[in-house]
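I opened my notebook for a friendly walk through this one, jotting down each thing I looked up. Here is the structure, followed by my entries.

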Amino acid sequence: MSKNKQAAKAPPAPPPPEGFVTRLGKDIAEVTPLLALIPGILGYVMVNAAMNPELIELDKMAQAAERWHGDDFANLAWLGLVFSGVLFAVGRSRERTATLSLLGVSTLALFGCTVATFSLAWVHGRENYWDAYHFAALLWTVFGTSVLSFASFKVAGDRGSVFAQVLVGVSAVTVLLCLFVWTYTWSPLVQDFEGWIARTLWQMTHG
Amino acid sequence: MNGQTITIGLLAVLTGIGLLLNTQFGDELGVLLDRGDVPDAVQPFFPEPNADADAIIAAVRDALDSWAALESTPAAGDDDDSAEPVESVPMTAELLEARHPALNGIDYGDRWILSVYVPTRGDWIRPRITTLERGAYAAAADVWSTLTVRQKTASVLSGASIKVDLIVGEERSFPAEGGERGVALDEGIDGIVLRHPKRKTFWYPPSLSVERKVSRRKIHARARFYARELGGWRRAQTKEAEFAAFRTKAWVQIGDGPVTAITRGNVDVPEITPELLRERIDLAAQYMTRETNEHGMIRYQYEATEDDDDFDSYNLLRHAGSVYAMAQAYRLTEDEALFDAALRAMGFFLRITKEDEKNPGERFVVNVNRLNTDLTPRVGRTSKLGGIGLGLCAMAELQKARPGSVSLETTLEMARHVERMQNPDGSFDSFYDWTGTDKRLRKSIYYSGEAILGLLRVYQVTGDEHWLDVAEKGADYLVDERWNSLGLTIYTPPDAWLIQALEELDRERPDPDREAYAFAIGEQIARHKQMDPLKVPEDMLGAGLSGVSSLPHAATAGSFGEALSAAARLEARRRPGESRFRTFALYNAEYNIRNQYWGPNEYALPNPARAHGGFRVKPDHGEVRNDHVQHSMSGLFGLLDLLDETAPDIAEKVQP
């Protein structure tokens, strides 16, 4: 009994000091869900740069290559992907679904912008200036954002967000597409399938 | 989740799939609706010989010749006795039928169309087109009445081509302008008839769509243009006219040559044999010889359908490639005129090269991509790796063709420059900043392969394994690193130069990764070509894929021929008993030589003698460029190496 009294009188142990990441997470959690728009905004910046006439007009490419190097696009893509990951962790820790739903849309936008950037780069001959790394960075961002978008909508939908329930299907399609594209990068079978589609369409439109 | 949200979600998914399909295949999917039920081409694709066609062509030619002879009969008192005596009996319908009894059995109806092509140097040929409803004599007279005085001479008409089309099947309606992107009309297969109450019906035979360059979506407009140009219609009448599509079987004769069946403006090709390949390489080599001037410049571009060579563009890299192919051909033909031309062209190239002042003992080349108004080369500042790489191929090939014909020391100076361009990881810089003010970030996909092949050829003529080491290091970078990153393979470029290099490197230093990569390049190329004879029209077998509004590129069949024949040689060595790439290479070669001007398919050219042996860009585009001829020659040379044991080895090693 006396031992218990003594214990009761002892001052409470101080809580363990919070690490930088935890404190940063709390800070971020305090601010508005609109932060979830960051990936989408980064995507817009990226695709807007990719549509720069200097990058897609043949006679200006060489000069533009110095100003808009592949590294710039790769870094933007990575940044968007990292933000998406961090914001997904933040959104998951919140009870309300607004952050996750918004993040789902935002990462879907980043997904679309990255696909567009990749396509613009390829169509306009950036393979003559970029390394495989730059294209790979964009592709992994595409894959990552599709998964994060799907996960955001799925979690928010499970928590009752009708908005997320509607859009989870779209992001599921993007995940399937990414799976197809990833398989295309290494499977001759899938590459042959793509070739078959292209040949068949040609045959259907030419005689 | 309730049923309503799931339904909405599914709708969203379907919308997403629709958008995606539209993005990827929107062009093709969109036009399928307008294509409707366009029938397959008339079979057999290249028609059998036809006695009626033979008789009509012979009779028309006879009538034209006799009228021309009459026109050129010396007038009384003309003492020019140098002219050969000519027959000057006036041709009549009765006389024509008497001389061509086969005409009597022909039921002309409204099914026959006659076209006469009279060569006109320096301009496209405006064929004289008429129907044969009133018989061969009346049709010939129609044509005669439209010829100019200069054309009404025996010498001009002796080079004229006569074509007859026999309409088969029923006419068919089609959307105006051929529908979306002209997809309701097949280029070269569909003709168009225009009818207007105030005009004689105008027939636009199918071949007109391929005899001069026209986009598929403009075929209908081209028919209206020809109605104005050839039929004398007014513009408004062409727009008011009723129109329909029709199909024909056709036969053509150039001069007094044989009558040949044509479809899509082209003739069939015989089976690919070593003899045929030798013949076609020789024809192409003769074209190159003719187009090499006394200074060693090779005509870069000749528009065969317009007989126009008034272009100021040039390309020294492609010039070097052309010399390489000419030297290859010499190894087959031993034609001294060809070798002289190749040496002159090599001399031209070497005069543009520069000794590297910063690095003694090395030599690079600067580009020439324009000609001055006096047709002298406008030497630029850019120094391309590919230029020196193909220069090495040319030098080595001349050395193989005739040892000692070029300087081995100069070859080594060029090779040392290529080695300098290599980075520690094996990659190559594509451009050499020899002025110190022209740093370029561009990395050409193909220059490295050209450089590596050049180095291998240097090894073949020197026996120095050092060049093999440099080439191997470069090849390994391209195979293992160039397009691989972060666990992804981004791209397998259809690099025809690299695959040739890998095949030749495999002979000296076999490596499973390089071998697999070479086959991957071959698959990548074949995947986007029509390789199933049961699914495509005969003349499209081996063709690549094209956009909806155009026919497949034929010039790329040359470079892909180099690639696929290299894959086939590798296959013969590494996969004995298999013939996948051999078959691909043969189909590709078929499409390639179908698009070489070699005889009957020159019927619509204003100057067939000049185009003879050249390879055109597309079935409907008669531009002949020296690099297209080069790729085709080298591809056929590589295939010959595979098919004929007695043919020169493409990677032959010779002693220095």
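**Entry: a helix pair in chain A.** I started with helix H6 (residues 70-93) of chain A and H8(A), which pack at an angle of about 20° with their axes 9 Å apart. Angles under 35 degrees count as roughly parallel, and H6(A) and H8(A) are therefore roughly parallel to each other. I also looked up the handedness, and the crossing of H6(A) and H8(A) is left-handed. On the H6(A) side I listed the contact residues, including A:Gly70, A:Phe73, A:Ala77, A:Gly80, A:Ser84, A:Phe88 and A:Arg92. On the H8(A) side the contact residues include A:Tyr133, A:His134, A:Ala137, A:Thr141, A:Gly144, A:Leu148 and A:Val155. By class, this contact of H6(A) with H8(A) has 12 nonpolar, 10 polar and one charged residues.

Entry: The mean pLDDT of chain A is 87, and 87% of its residues reach 70 or more. Where in chain A is confidence lowest, and where is it highest? The lowest mean, 55, belongs to helix H1 (residues 2-9) of chain A, and the highest, 97, to helix H8 (residues 132-158) of chain A. Where pLDDT is low, the predicted coordinates should not be read in detail.

**Entry: chain A as a whole.** I counted 10 helices and zero strands in chain A. Of the 207 residues of chain A, 41% count as buried. I also looked at sequence separation: among contacts in chain A with a separation of 6 or more, 77% are between residues 24 or more positions apart.

**Entry: where chain B meets chain A.** I found 45 residues of chain B in contact with 38 residues of chain A. Which elements of chain B each supply at least two residues of the side that touches chain A? They are helix H1 (3-35), strand E13 (484-485), strand E14 (488-489) and helix H17 (512-527) of chain B. H1(B) gives the largest share of that side, 14 residues. By class, the side of chain B that touches chain A has 25 nonpolar, nine polar and 11 charged residues.

**Entry: one residue in chain B.** I picked B:Leu385, which lies in helix H12 (residues 385-401) of chain B. Is B:Leu385 buried or exposed? The cut-off for buried is 20 or more other C-beta atoms within 10 Å. B:Leu385 has 27 other C-beta atoms within 10 Å, so B:Leu385 is buried. Leaving aside neighbours within four places in sequence, its contacts are B:Val418, B:Met421, B:Phe428, B:Asp429, B:Ser430, B:Phe431, B:Tyr447 and B:Ala451. I also looked up B:Glu450, 65 residues from B:Leu385 along the chain, and their C-alpha atoms are separated by 8.1 Å.

**Entry: a helix pair in chain B.** I finished with helix H9 (residues 274-290) and helix H21 (residues 626-643) of chain B, which pack at an angle of about 155° with their axes 10 Å apart. That makes H9(B) roughly antiparallel to H21(B), as angles over 145 count as roughly antiparallel. H9(B) passes H21(B) in a left-handed crossing. Among the residues that meet are B:Leu277, B:Arg278, B:Ile281, B:Ala284 and B:Met288 in H9(B), and B:Val629, B:Met633, B:Leu636, B:Phe637 and B:Leu640 in H21(B). By class, the contact of H9(B) with H21(B) has 14 nonpolar, one polar and two charged residues.

Note on methods. Residues numbered from 1 in each chain as written. Chains lettered and ligands numbered in written order. Predicted model: local features only at pLDDT ≥ 70, side-chain atom pairs only at ≥ 80, totals over all residues. pLDDT = per-residue confidence, 0-100. Helix = DSSP H or I, 4+ residues; strand = E, 2+ residues; numbered from the N terminus. Axes fitted to C-alpha atoms, helices over the stretch in contact; angles between N-to-C directions. Parallel < 35°, antiparallel > 145°, perpendicular 65-115°, else oblique. Left-handed = near helix turned anticlockwise from the far one by under 90°. Contact = placed C-beta atoms within 7 Å. Nonpolar A, V, L, I, M, F, W, Y, C, P; charged D, E, K, R; others polar. Buried ≥ 20, exposed ≤ 12 C-beta atoms within 10 Å, placed from the backbone.
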